[in-house]
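Trainee: I'm new to this structure and would like a close look at one part of it. Could you start at a single spot and then lead me on to other places that are worth a look?

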Amino acid sequence: MARKNARAVNGILLLDKPLEVSSNGILQRVRWLYQAQKAGHTGALDPMASGLLPICFGEATKFSQFLLDTDKTYLVTAVFGVRTSTSDAEGEIISEKPVQFSQAELEQALTAFRGDILQVPTMFSALKYQGQPLYRYARQGITVPREARPISIFRFELLKFNGVTADFIVHCSKGTYIRTLIDDLGEALGCGAHVGALHRTQVGPFLAEQMITPPQLDALAEPCHAANDFSAMDALLLPLDAGIVSMPKLLLTEQEQHRLQHGQHCQVSAADITAIKLHGPDDRFFGVGQVEQGVLSSRRLLNTAAVQ
């Protein structure tokens with residue numbers, strides 16, 4: 001996108017990512033449609049996965065980490081009896097075994113994967129080992145040591161089972177690898193399994209009902225580009241702080257806001273907290289801070305001149 005055409009766009013778009021396209025690929029497409037100077041997504045979906053992909057524009061990118069750290073919900077189809085190298089349908093088959101469990105046995109097996117558990121991350125992840133993402137080692141056929149990490153599975157519910165495939169809803173904490181969850185379930189049932197389909201329906205406070213599809217966005221963008229008027233597209237954007245609505249809020253005086261925006265600290269009568277929304281005397285959001293022993297400091301602040 002030519003620099004001269006770029007706009008200072010700020011806000012969050014909830015996109016329904018289609019299948020067979022990378023998260024970065026669709027991000028760049030949407031950024032071009034908006035003619036936006038800056039954009040980023042909040043947690044990639046694999047090309048074989050679809051669903052909710054929040055895209056942050058401009059100043060909203062400063063707060064994308066808080067969405068990365070939040071819980072998520074997926075609809076997942078598991079295929080039993082076939083284990084693959086990537087634990088999804090794109091990998092090579094590494095084992096095939098008969099499926100001999102009943103629905104009652106499947107339901108019972110799910111109980112071991114609910115609550116707080118430990119999970120060994122998949123080799124096909126962006127986690128790094130000696131400075132390189134794991135997936136690069138995996139593509140070379142190299143397996144490296146990985147420590148089990150604590151995750152939380154809030155909901156792991158069977159929706160449908162036909163004897164070979166099963167549909168589940170999974171509500172989980174950050175850092176959960178659904179393909180690993182299904183692979184582990186298949187091993188527990190003695191037959192192996194892989195992810196046949198994956199669709200994300202929730203990211204933090206955002207729900208699938210709020211999504212817009214790429215074809216819908218394309219149809220809206222055409223007249224906006226023709227008229228060089230992006231107001232209809234911009235109307236789809238959620239506020240900068242929409243992704244952190246559950247975070248506690250602190251209302252500050254004009255003097256306190258000024259101090260924070262100039263790199264200084266403030267004394268406040270608030271309990272210790274690692275993340276708190278900061279609002280000025282006009283009740284407008286201007287960033288996220290933290291409180292430690294009565295001292296408020298900033299973590300991420302808006303460039304207020306850029307969002308006027």
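Mentor: Asp241 touches Lys277, His279 and Phe285, with residues up to four places away in sequence left out; contact here means heavy atoms within 4.5 Å. You will find Asp241 in the loop between helix 7 and strand 14 (249-251). Helices (H or I, at least four residues) and strands (E, at least two) are DSSP runs, numbered from the N terminus. Asp241 counts as buried because its relative accessibility is 15%, where buried means under 20% relative accessible area, exposed over 50%, and partly exposed in between (1.4 Å probe, protein chains only).

Keep in mind that this is a predicted model: local features need pLDDT of at least 70, side-chain atom pairs count only at pLDDT 80 or more, and totals for chains, interfaces and linings use all residues. Residues are numbered from 1 along each chain as its sequence is written, and side-chain values use heavy atoms, with hydrogens and water left out.

Now move along the chain to residues 248-302. In an unreviewed entry, UniProt lists this span as "domain: tRNA pseudouridine synthase II TruB subfamily 1 C-terminal"; UniProt positions are given in the numbering used here, feature names are shortened, and annotations may be inferred rather than shown by experiment. The span is 15% helix and 49% strand, and its end C-alpha atoms lie 17 Å apart. Leu301 belongs to strand 18 (residues 295-301) and is buried, since its relative accessibility is 19%. Leaving aside neighbours within four places in sequence, Leu301 is in contact with Glu59, Lys62, Leu260, Gln261, Leu278, Phe286 and Gly287. Arg200, in turn, is 101 residues from Leu301 in sequence and 29 Å from it in space, C-alpha to C-alpha.

Next, look at Asp46. The unreviewed UniProt entry places the feature "active site" at this residue. Asp46 sits in the loop between strand 2 (39-41) and strand 3 (49-57), and at 34% relative accessibility it counts as partly exposed. Apart from residues up to four places away in sequence, Asp46 touches Lys17, Val21 and Arg179.

Arg179 turns up again at Asp88, which touches Met48, Arg179, His194 and Val195, again not counting residues up to four places away in sequence. Asp88 lies in the loop between strand 5 (82-84) and strand 6 (93-96). With a relative accessibility of 3%, Asp88 counts as buried. A polar atom of its side chain lies 3.0 Å from the backbone nitrogen of Glu90.

Among the buried ones are Ile178, Arg179, Leu181 and Asp183. After helix 5 comes Gly190, whose phi is positive, near 80°.

Glu20 has a positive phi of about 60°, and it is found in the loop between strand 1 (11-17) and helix 1 (23-34). Phi of Asn228 is near 50°, and this residue is in the loop between helix 6 (214-227) and helix 7 (231-234). Glu20 is exposed at 76% relative accessibility, and Asn228 is exposed at 61%.

Let's finish with the rings. The structure holds 6 aromatic pairs; rings of Phe, Tyr and Trp (its six-membered ring) pair if their centres lie within 6.5 Å, and planes under 30 degrees apart count as stacked, over 60 as edge-to-face and the rest as tilted. Tyr34 and Phe57 form a tilted pair, 4.8 Å centre to centre with 45° between the planes. This pair links distant parts of the chain, with Tyr34 in helix 1 and Phe57 in strand 3, 23 residues apart. Tyr34 is buried at 0% relative accessible area, and Phe57 is buried at 0% relative accessibility. Elsewhere, ring pairs link Phe80, Phe101 and Phe161 into a cluster.

Note on methods
Polar contact = N/O pair within 3.5 Å; in protein donor to acceptor, adjacent residues only side chain to side chain.
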